[in-house]
Amino acid sequence: MPQQVKAVIARAKGAPVEVTTIVVPDPGPGEAVVRIQACGVCHTDLHYREGGINDEFPFLLGHEAAGIVESVGEGVTEVEPGDFVVLNWRAVCGQCRACKRGRPQYCFATHNAKQKMTLLDGTELSPALGIGAFAEKTLVAAGQCTKVDPAAEPAVAGLLGCGVMAGLGAAINTGNVGRGDSVAVIGCGGVGGAAVMGSRLAGASKVIAVDIDDRKLETARKLGATHTVNSRTTDAVEAIRELTGGNGADVVVEAVGRPETYKQAFYARDLAGTVVLVGVPTPEMTLELPLLDVFGRGGALKSSWYGDCLPSRDFPMLIDLYRQGRLDLGAFVTETIELDQVEQAFERMHHGDVLRSVVVL
């Protein structure tokens, strides 16, 4: 039978979110219902509320989540009721050209649940990134459920569902940071902080954190940065070059998503170095670079989608590292909150007061 549960929705562009009752249908073929235990408040949720993604209101917000599979539909073999899972927004199809080439992390046909969750009056909801996890329960495609060690804390495990995975993956998967490399990370919020942590995990000898907020730089040091640069008062490119023998960093991760900071990343890398863009730009932003500089510096300019992760490969591995004490995912949890505190969490996000607020149910 369909279930009625509490959830956080955004009814209109820019309006405060609200807690209301929604209807979650029984899972159909290839679908699963998950009882949510924890869900991080990600900047993408704020983008949805502000109409920055699309205008398909009302939105069921939340996507960075972990929970317990409650029921599954016909044909589901990936998970079963009782499994502890991290939700992901990349349920690979296995049939597209990327999957057939053995590159499922670039799947072009990722999918969501076919059925819709609704308000009590039947109004269909648009779940954020196909998940909608600011809710007691949610309906997803079974492929969006990645089984991990149930000993992990839900508030920590769920962060792999988006921001932390994006940053870790930008360094490890996209940037291919290796032992002895020098790395600069521009923008040290949750994603940039995870890139710092991922770079140290990968064996980088020097990790330079760049931001305009000294609080974030201090946090970056705790996450593994060896050096910090406040780019409000210091030329970031010159500082990075000075710290790398005048050469620039082997890998520069841009975690802001602005033309100005991308140019800093471009000129702060060593010859034949790599720039990784993981910060998400807005549609109107454009970039202008001298083509001769692009040619003359060589190397690689990459974009990182979801940290180029494959959830079935990366989530269990990272949870194992967390359980071994080698990956301090708990450092990203600034506070735990309840469903009715999401709007306040957005406000704290604006002021840069948190890495992650996490809704715990």
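Me: Which residues of helix 4 are buried?

Reply: Buried here means under 20% relative accessible area, with exposed over 50% and partly exposed in between, using a 1.4 Å probe and protein chains only; helices (H or I, at least four residues) and strands (E, at least two) are DSSP runs, numbered from the N terminus. In helix 4 the buried residues are Gly-163, Val-164, Met-165, Ala-166, Gly-167, Leu-168, Gly-169, Ala-170, Ala-171 and Thr-174, so that 10 of the 12 residues are buried and the helix is mostly covered. This is a predicted model, in which local features need pLDDT of at least 70 and side-chain atom pairs count only at pLDDT 80 or more, while totals for chains, interfaces and linings use all residues. Residues are numbered from 1 along each chain as its sequence is written, and side-chain values use heavy atoms, with hydrogens and water left out.

Me: What do the buried residues of helix 4 pack against?

Reply: Contact means heavy atoms within 4.5 Å, and by that criterion the buried residues of helix 4 pack against strand 5 (64–72), helix 5 (190–201), strand 14, strand 15 (269–277), strand 16 and helix 10. Just after helix 4, Asn-176 takes a positive phi of about 50 degrees.

Me: At what angle do helix 4 and helix 10 pack?

Reply: Axes are lines fitted to C-alpha atoms, for helices over the stretch in contact, and angles run from 0 to 180 degrees between N-to-C directions. Helix 4 (residues 163–174) and helix 10 (residues 311–323) pack at about 100 degrees, with their axes 12 Å apart. Helix 4 is therefore roughly perpendicular to helix 10, where angles under 35 degrees count as roughly parallel, over 145 as roughly antiparallel, 65 to 115 as roughly perpendicular and the rest as oblique. From helix 4, Met-165, Leu-168 and Asn-173 meet Arg-313, Asp-314, Phe-315 and Leu-318 of helix 10.

Me: How many residues does the largest nonpolar core have?

Reply: In soluble globular proteins, nonpolar side chains tend to be buried together. A nonpolar core is a set of buried Ala, Val, Leu, Ile, Met, Phe, Trp, Tyr and Cys residues joined through side-chain atoms within 4.5 Å. The largest one has 51 residues, and among those with the most contacts inside it are Leu-160, Val-164, Leu-168 and Phe-315; its largest share, 6 residues, comes from helix 4. Leaving aside residues up to four places away in sequence, Leu-160 touches residues including Val-86, Tyr-306 and Leu-329.

Me: Is strand 11 enclosed or open, and what is the order of strands in its sheet?

Reply: All 5 of the 5 residues of strand 11 (residues 182–186) are buried, so the strand is largely enclosed by the rest of the structure. Ser-182, Ala-184 and Ile-186 lie buried on one side, and Val-183 and Val-185 on the other. Two strands pair if DSSP finds at least two bridges between them, and the open sheet of 6 strands has the order 13-12-11-14-15-16, with parallel pairing. Its edge strands are strand 13 (227–230) and strand 16 (300–303), each pairing on one side only. Strand 11 pairs with strand 12 (residues 206–211) in the parallel sense over 5 bridges, with Lys-206 as the bridge partner of Ser-182.

Me: Which helix lies across strand 12 and strand 13, running at about 170 degrees to strand 13?

Reply: That is helix 6 (residues 214–223).
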